[in-house]
Amino acid sequence: MTPSLPTALACALRSFLSEHLPSTRGLSPHTIRSYRDAFVLLLPFLAKRHSCAVVDLDFDHLGPRDLILFLDHLESDRGGCTSTRNSRLAAVRSFARYVATRHPECLEICQRLLAVPTKRDHVRTVEYLEAEEIRAMLETTDRNRPEGRRDHALLLTLFNTGARVQELLDIRSGDLQLDKPFFLRLRGKGRKERVCPLWSHTVESLKKLLADIPDHTAQTKPIFRNRRGEPMTRFGVRYIVRRCAERAQIAVPRLAKKRVHPHTFRHSAAVHLMRSGVDFVTISHWLGHASVETTNRYVAIDLETKRKALEQAGPIDDFQNPALASWRTDRSLLDWLEAL
């Protein structure tokens, strides 16, 4: 029996994942795995829909209607959220743009795939932790045990640096400068590196963590590991953060009303820096934001800033206060307003 040749879809998908994404675009392995997972879900869905084997799929089986039904399947059958749906769509769109430049005969179908819109997502209020809540979570760690010292260092590093969870997991001992000046090197999205200064008590916590690791001098191994000495996963970090938050609810009951996860510490670091008077450009570099516009959203979530603004404005009865109404007689201010 003569083996069948790979279809055009199979060839394009292989070169997209193994050549284009890592070599041409230089994406990280984590991002490439995310793109791959989208097609791991898409291909069996298409095979079932068209009553064929996965190995027989070709571009004829991937149309805009197929894609829309797949995205609906992710939400209705798999219980995915809107952001997951949109991330899978982004992977298919990237593939369609790649195919359009290398397979002109598929240009029309690629254009139709690119026309499938993203779904509007409900924008949740960004939550962050107050200083009292962070202290309560840190106090739940048992620093007499290696796991407790690890958890303490993990929470402190998250808050001190505002690191993304994958950035935290990628930290090696060679990324740490634990002699003055203290700093930590992080590798963020797009393989961009940034350096964050460290507080002295973060340094002390990290030193205790390294002392518990027999081979901590091996600069190629992550410093945050599980009980078996293996690198921690994103799920492990999320579990630790959630457990500490649950334990801290005894001291700070309002924590029960918050969704606390590793990224909450990133939000908390941004708000803490903003309240301390750090300018937005510095905060943007600190967090590794590609644009200062991303940093500006923390102004909208800071309740303390809003309360101060409310106090300055005063209640409606204070409109009769001469001090607050002085703008009415300020000719320069009125001239400026009229010129707008």
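**Cavity, helix contact and sheet**

Modeller: In this predicted model, the lining of the largest cavity consists of Phe 59, Leu 62, Phe 95, Ala 96, Val 99, Ile 109, Cys 110 and Leu 113.

Colleague: How much space lies in the largest cavity?

Modeller: A search of the whole structure with a threshold of 30 Å³ or more finds 1 cavity. The space in the largest cavity is about 40 Å³.

Colleague: Which side chain forms a polar contact with that of Glu 75?

Modeller: Glu 75 belongs to helix H3, residues 64-76. Leaving aside residues up to four places away in sequence, Glu 75 touches Gly 80, Cys 81, Thr 82, Arg 85 and Lys 119. The side-chain polar contact of Glu 75, at 3.5 Å, is with Thr 82.

Colleague: Which residue in S3 is the bridge partner of Phe 183?

Modeller: The open sheet has 3 strands in the order S1-S2-S3, with antiparallel pairing. Its edge strands, each pairing on one side only, are S1 (176-177) and S3 (193-197). Strand S2, residues 183-187, pairs with S3 over 5 bridges in the antiparallel sense. For Phe 183, the bridge partner in S3 is Pro 197.

Key
Residues numbered from 1 in each chain as written. Predicted model: local features only at pLDDT ≥ 70, side-chain atom pairs only at ≥ 80, totals over all residues. Heavy atoms only, no water. 1 Å grid on protein atoms, 1.4 Å probe; cavity = no way out; pocket = protein on both sides within 12 Å on 5 of 7 lines; lining within 4 Å. Points joined across faces, edges and corners; volume = space filled by probe spheres on them. Helix = DSSP H or I, 4+ residues; strand = E, 2+ residues; numbered from the N terminus. Polar contact = N/O pair within 3.5 Å; in protein donor to acceptor, adjacent residues only side chain to side chain. Contact = heavy atoms within 4.5 Å. Pairing = 2+ DSSP bridges.
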